[in-house]
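Please walk through this structure step by step.

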Amino acid sequence: MIEIKNLKKSFDELQVLKGIDLTVNNGEVLSVIGSSGSGKSTLLYCINALEPIDSGSILVDGIGVHDKSTDVNKLRQKIGMVFQQFNMFPHLTAQENVALAPRKVKKMSKKDAMDLAARQLEHVGLGQKLNSYPSALSGGQQQRVAIARALAMEPSYMLFDEVTSALDPELVGEVEDTMRMLAKEGMTMILVTHEINFARDVSDRIAFFHEGRMEEINSPDQLINHPTSEHTVKFLSNVR
Amino acid sequence: MDYEFLWRPVFQAFPQLLKASLVTIEVSIISMVIGLAAGLLLFFARSSGVWIARFFASVWIEVARNTPALFQLFFFKFGLGAIGIIIDSYITVVMALAFNTAGYMAETFRGGFKAIPGSQLNSARSLGMTFVQAQCYVVIPQVLRAVWHPMTNQFIWVMLLTSLGMLVGLRELSGETQFLYSKTFRAFEFFAATAIIYYCIAKLMLLLFRLIAWRLFRGQ
Amino acid sequence: MAIDVFSELQPKDLLFLGEAALRTLEISLTAIGIGSAFGVVFGWMMSEGNRFVTFIINAILDIFRSVPLIIQLILFDSFISIAGYPLPAFVSGTIVLSVYTAALVANVARGGVEAVPASLRKASRSLGLSYWQDLRYIVWPVGLRAVFPSWIGVALSVVKDSALVSVIGYVELLKASQILITRTQDTFVILTIAGLFYFALSYPISKASDYIERRWNQ
Ligand SMILES: Nc1ncnc2c1ncn2[C@@H]1O[C@H](COP(=O)(O)OP(=O)(O)OP(=O)(O)O)[C@@H](O)[C@H]1O
Ligand SMILES: [Mg+2]
């Protein structure tokens, strides 16, 4: 379970998160939508301890993410993250990309890590591309390697930050299918997205962010068809 | 032109020239290795939060890059001589070339690290790697690739600069040539042979670096 | 009066250093001018010529980048005296430095021409510009912008490398310093003056060039 309580976060003068309260239950898929700059990415970065916070708390399975006593490297193994930019490690093949963290962080033997990587890549439909370098993969394939790379750490949670928005339209589908598959398998996920239709299909709840606040959170049907906040209405009419 | 080219003495001296080439190669490698290590340290020092380290590194880097290598060599020779430290010409040359290389490489490293987007570090950290792990396995291999080409050029540049050794009495390839020619007064022939040897060393080094690069970076 | 072998640094010595500094400037600026002009032509030929031309020019220029400048100077100097046309040190120094500069600038210029996207040149030709007009009004300004900082880097390195011309008897700044050091033993003062001269010339120019590069890259 991820429990976020009164989370505040600023960059210098600019307050980006102005008190977020949010709980994500195990097995739940939560989509986060909202206009550019509303703090969606920042929220994910805070959950993964890639950004420090000003006040409030984030508990993952009851462990305070930003507590001094928390071993963030250990915690991050529980939380996989995939970014908008593909962020493949360009000097490693697809298989090595996936195997690197299991080897170095989990101290697996090279063979076990490579086997695991092969299985994970198979899982996302890239069994043929084990030895390809990122430069030889399409954006959609790179993004699926990134998902496999995160999954190889056997996380309990997955965070997706607009993973399809840097892709060519015809490649969006394959990555969305991979995420759908994970949702079906019961993975707990938070996904930031601009694809409302995809969010509706895949999520249990959708949260709408506006200027650092969570304006509204509801079931997909309620939020999309019967929004209560005027900002949500406006946002939805813009993206349609 | 009634000059008769006389190549015999050059051929006879060829073994000595080759032996001196080994000195040239040795001085280049030692200077380059020290210079690389010092350059990396200078880069870290310059980007550190300790102002004294930053200042020291900046002075070193800027002096190395903005004065002639020959000036730096004279500084090590005459400057240290003036305060009573007389060092061997071999060490003088190594110190000067390492000083010079460190300054240039510090800048090269800066460019190399800057070329790696911060998101690479973030993704590595998001997988649970420590800062050091992320640097070692993700960032530095990419930096190495980014600086490989300028590093190769720097290496060849250092090799060519070892010829300054002849001005401070080091018997590397140029120094040895000068010594030999002064016995025979066949300057042109001797220095022509030396030029060819330098050219060959430069090309061999380039080839070696290409081979290593091919091994290290193939496919990427 | 006995000849004063070791003597204090005198005002006239500073004048001597100053003149030597001017000689450093004189020979390096001349070489940069001549060498850049030739270098640009070679660079253009390499980027626009056929493979054979490119290969030949590159192979020849590469020699000058793969042999120490000091050896090039000695070799040229001894060659012209063998040939029976000894030249003043300034002239032979300028010739060698210019060729060396041209070899370096040629690569920079080639990079400049190649930095201009082919589509841009197609567009300009499609507007009816002739080949030469395209070179003059499109390739030159766009390419120059792309490689101006590298050219500054080459020019500054030529200023520094000009110190080597002393081996053929041209008394430029470093040679003058060496002469004075041997006589006066005022090592640090003299070396500092010489070093400061180069530094004061090179540092501001290289910083300005970094600044321009950053501005252009925005
Ligand atoms: N590292 C940073 N330093 C300073 N400001 C930042 C930083 N990261 C984000 N910001 C600012 O914080 C605000 C929220 O950024 P965030 O990336 O969380 O928005 P977002 O909702 O993900 O937007 P988008 O849809 O464009 O990705 C923006 O105004 C952004 O400029
Ligand atoms: Mg974002």
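Ala, Val, Leu, Ile, Met, Phe, Trp, Tyr, Cys and Pro count as nonpolar, Asp, Glu, Lys and Arg as charged, and the others, Gly among them, as polar. This is a predicted model: local features need pLDDT of at least 70, side-chain atom pairs count only at pLDDT 80 or more, and totals for chains, interfaces and linings use all residues. Residues are numbered from 1 along each chain as its sequence is written, while chains are lettered from A and ligands numbered from 1 in the order in which they are written.

Begin with ligand 1. Its shell holds two nonpolar, seven polar and one charged residues. Among them are Phe11(A), Val16(A), Gly34(A) and Lys40(A). A residue is near a molecule if its C-beta atom, placed from the backbone, lies within 6 Å of it. Helix α1 (residues 40-47) of chain A gives the largest share of this shell, three residues. Helices (H or I, at least four residues) and strands (E, at least two) are DSSP runs, numbered from the N terminus.

Now the sheet. Four strands of chain A form an open sheet in the order β2-β1-β4-β5, with antiparallel pairing. Two strands pair if DSSP finds at least two bridges between them. Five bridges join β1 (residues 2-11) and β4 (residues 55-60) of chain A. In β4(A), Ser57(A) is the bridge partner of Lys5(A).

Last comes the contact between chains. Chain A gives 21 residues and chain B gives 18 residues. Two residues are in contact if their C-beta atoms, placed from the backbone, lie within 7 Å. On chain A, the side that touches chain B has 11 nonpolar, seven polar and three charged residues.
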